[in-house]
Amino acid sequence: MHGPFLYIKEGTILDLNTDIQYCKGVGPVRAQLYHHLDIRTLRDLCYHFPRDYLDLTAVTPCADCKPGTEAAVRGAVLRKKPEARLRKGLTLYRLSAADESGELTITFFNNRYAFEALKIGEEYLFYGQIRLSGARPEMTSPLVFPAGEAGGLLPVYPLTAGLTSKGVSGNIRQALAAIREQLADPIPPDIRSRYQLCELGFALQSIHFPSDAHALSLARERLIFEELFILSIALRRVRSERKKESPVRICGFQPEAFYQSLPFSPTGAQRRAVEAILSDLSSGTPMNRLLQGDVGSGKTLVAAAACLAAVQSGYQCAVMAPTEILAGQHAASFAAFLKPFGVQVTLLTGSMKAKDRRQALAALQSGETGVAIGTHALLTADVSFQNLGLAITDEQHRFGVRQRVMLREKSGDPHILVMSATPIPRTLALMIYGDLDVTLLDELPPGRQRVETYCIPSSKLERAYGFVRAQLDRGRQAYLVCPLVSEEEETSGLPSAEKTARELGEGPFAGYRTGVLHGKLKPAEKDRIMRAFKEGEIQLLVCTTVVEVGVDVPNATVMICMAAERFGLSQLHQLRGRVGRGRESSSCILVSDARGETARARLKAMCETNDGFQIAEFDLRQRGPGDFFGGRQHGLPRMRIADMARDNRLLANVQQAAGELLREDPELERADHAALRESCGRLAASIGDRPN
Ligand code: ADP
Ligand code: MG
């Protein structure tokens with residue numbers, strides 16, 4: 001069986017995977033339009049959900065229509081006015097509709113056809129925008145329904161040029177009518193009944209053609225559950241290849257001596273995280289843990305403790321960072337943490353001199369090096385370890401799932417610790433990391449201050465520069481972040497780091513020591529600049545988002561972000577985390593001339609909270625998980641109906657149901673799981689991960 005069959009034209013057998021052009025009423029031309037919406041099969045069509053519904057049940061009396069709203073009005077056509085040709089290409093057709101409350105003018109633009117179809121004396125339902133025309137409200141470009149037929153909730157579809165909601169709705173009606181009887185439900189009956197979910201047939205029917213609000217809400221809940229459920233099962237299956245037993249035992253480590261060696265006392269959260277990790281390392285099963293902590297929460301120390309434990313049990317560690325700058329900085333901090341214990345820390349990057357690299361590789365291979373730190377270069381073929389026991393990736397969102405798998409494959413099965421400063425909302429983390437345990441560093445080291453954040457238009461930049469100069473005069477340092485590297489890229493007036501640095505150096509910051517840092521510099525040059533900034537030789541660092549992750553210069557107390565609307569919120573939060581790392585109070589100035597409502601709301605959220613999790617939730621709600629990390633780095637598909645931030649409550653049930661089902665039938669072999677298996681396979685193929 002290949003799933004349900006669908007009979008549309010007599011003599012033609014189609015199934016859900018058939019091209020929509022064979023659906024009655026579609027055809028090859030319309031099919032092309034649907035392709036713009038990524039709708040290719042009948043399944044795609046049935047799963048093309050309305051983005052909204054027009055409520056035609058609530059009718060507004062003509063006299064009560066308020067400008068600025070949308071309304072449904074039930075009225076008879078009283079009279080038609082002569083057409084008014086305002087200018088070439090703009091003709092108005094007006095009529096008066098009336099109900100018991102009074103009259104309302106209704107205007108069509110250029111739509112003679114719709115206008116002429118209406119009969120004087122007949123009653124219709126009009127739905128549209130109410131605007132002010134002179135002193136009186138009027139309805140413009142309404143949808144019109146014969147009064148007898150209309151009612152209920154009318155679906156509004158995401159569209160592309162050439163399609164209308166009405167047309168899409170008609171096509172879907174055809175498709176649904178033909179397949180309803182044969183639909184195979186991917187949610188097995190026992191789970192449906194346990195979580196009180198309606199059947200697929202009812203759900204599809206009711207999401208497109210709701211009989212009432214209750215049916216619609218049942219349908220929505222069930223379809224959201226389905227989408228998350230399939231995603232969850234697919235991801236769990238992709239990742240369930242891990243061995244159940246670990247050959248790497250790291251036991252008997254007492255962290256007290258390590259804590260004693262530190263210049264400060266670890267926070268409670270850091271101690272708890274270290275405990276959780278040590279218990280994983282000695283458990284006999286491979287660790288797979290996500291350490292989540294907002295910027296500045298002190299993840300490095302926790303990672304260093306884990307490394308020390310591994311090395312003292314005779315294993316090596318690999319620590320991977322997303323950029324060379326960060327790898328270099330980690331090498332320095334790990335060395336500082338671990339030197340007192342005689343652990344050798346080796347930096348390995350792509351840009352090292354051949355001789356240095358050979359030496360570093362040899363030290364890794366011989367086991368002389370305890371902790372190797374690097375970028376993706378640690379994953380290249382010529383790197384081999386003597387005895388790798390622990391792999392740590394920092395700022396995980398830059399590493400794809402694929403890299404994690406590569407690391408595991410090349411080095412046996414080390415324990416894995418993933419560190420993320422992007423405060424992934426817990427719901428999303430659960431989904432993305434299916435089988436990862438999560439530890440939160442939910443406490444900042446003492447003495448940290450809130451970074452005061454302001455949003456200003458570029459016309460106030462001079463004042464901001466004055467503020468920065470005052471900070472520099474007091475011995476502090478500052479960042480100025482630009483969205484672009486060089487002026488060749490400067491389109492649409494966005495500032496570049498190179499040009500801005502030159503202009504500031506000659507103008508507002510003449511006489512101050514400025515520097516430029518961006519990703520296109522040679523690694524040695526980047527290093528030199530970063531070191532100069534760290535040591536205070538550079539006072540103002542004009543840069544791009546290369547400083548986004550992890551850079552630690554506590555003396556920097558101000559950051560200016562140019563064209564701030566250009567950055568993702570979580571990215572801005574990371575950037576802002578570069579200041580406020582010392583005891584001085586710090587500030588972040590977001591410069592933006594964006595007027596859009598969304599942009600304003602996003603920047604306002606930045607000014608109002610310093611809590612990375614709140615910001616991430618906000619970002620997730622606004623942009624959806626697909627865009628959350630800028631690009632689809634997790635390989636999560638775009639959701640059709642679920643919203644991971646909003647559908648929090650369901651997600652917990654979904655996780656539970658998915659776990660239960662896979663425990664009973666890990667390979668999805670049961671007959672009543674065939675439809676589910678097929679759905680998961682299709683999803684896994686679409687996100688480019690291989691199912692096992
Ligand atoms: P992140 O979690 O962003 O990687 P880091 O590990 O870079 O944070 O730590 C940020 C700064 O806080 C570093 O300068 C580090 O030395 C310092 N730090 C870490 N833990 C503590 C602590 N318990 N008390 C005081 N300072 C700490
Ligand atoms: Mg860090």
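## The shell around ligand 1

In this predicted model, the residues of the shell around ligand 1 comprise five nonpolar, seven polar and five charged members, where Ala, Val, Leu, Ile, Met, Phe, Trp, Tyr, Cys and Pro count as nonpolar, Asp, Glu, Lys and Arg as charged, and the others, Gly among them, as polar. The shell holds 17 residues, of which Gly 296, Lys 299, Thr 300, Arg 448 and Asp 552 are the closest; a residue is near the ligand if one of its heavy atoms lies within 4 Å of it. Helix α10 (residues 299–312) gives the largest share of this shell, three residues, with helices (H or I, at least four residues) and strands (E, at least two) taken as DSSP runs numbered from the N terminus.

Several polar contacts involve ligand 1, a polar contact being a pair of N or O atoms within 3.5 Å; within protein, one must be able to donate a hydrogen and the other to accept it, and residues adjacent in sequence count only if both atoms are side-chain atoms. A polar side-chain atom of Gln 270 is 2.9 Å from a nitrogen atom of the ligand, while a polar backbone atom of Gly 296 lies 2.6 Å from a ligand oxygen atom, and a backbone N or O atom of Gly 298 is 3.0 Å from an oxygen atom of the ligand. Taken alone, ligand 1 exposes 570 Å², and the protein buries 84% of that; accessible areas come from the Shrake-Rupley method with a 1.4 Å probe, and for residues only the protein chains shown count as cover.

## Basis of the values

Residues are numbered from 1 along each chain as its sequence is written, and chains are lettered from A and ligands numbered from 1 in the order in which they are written. Local features need pLDDT of at least 70 and side-chain atom pairs count only at pLDDT 80 or more, whereas totals for chains, interfaces and linings use all residues, and side-chain values use heavy atoms, with hydrogens and water left out.

## The chain as a whole

The chain has 22 helices and 23 strands, and 54% of its 692 residues are buried, where buried means under 20% relative accessible area, exposed over 50%, and partly exposed in between (1.4 Å probe, protein chains only). Among contacts (heavy atoms within 4.5 Å) between residues at least 6 apart in sequence, 72% join residues at least 24 apart.

## Nonpolar cores

A nonpolar core is a set of buried Ala, Val, Leu, Ile, Met, Phe, Trp, Tyr and Cys residues joined through side-chain atoms within 4.5 Å. The largest one has 59 residues, and those with the most contacts inside it are Leu 204, Leu 223, Phe 225, Phe 229 and Ile 233. Two or more residues each come from α1 (27–36), α2 (42–46), α4 (165–179), α6, α7 (213–239), α21 (648–664) and α22 (674–686), and α7 gives the largest share, twelve residues. Leaving aside neighbours within four places in sequence, Phe 229 is in contact with residues including Pro 186, Ile 191, Val 654, Leu 661 and Leu 676. A second, separate core of 42 residues includes Val 248, Phe 253, Ala 273 and Cys 317.

Helix α6 (residues 200–208) is mostly covered, with seven of its nine residues buried; among them are Leu 200, Leu 204 and Ile 207.

## Two buried positions

Ser 592 sits in the loop between β23 (586–591) and α19 (597–608) and is buried, at a relative accessible area of 3%. Its side chain reaches the backbone nitrogen of Ala 594 at 3.1 Å, and, beyond neighbours within four places in sequence, the contacts of Ser 592 include Cys 455, Glu 565 and Arg 600.

Leu 104, in strand β7 (residues 102–109), is buried with a relative accessible area of 1%. The C-alpha atoms of Leu 104 and Ala 63 are separated by 7.2 Å, although these residues are 41 apart along the chain.

## Positive phi in two loops

Most residues other than glycine have a negative phi. Gln 196, in the loop between α5 (189–194) and α6, has a positive phi of about 55° and counts as exposed at 68% relative accessibility. Leu 668, in the loop between α21 and α22, has a positive phi near 55°, but counts as buried at 2% relative accessibility.
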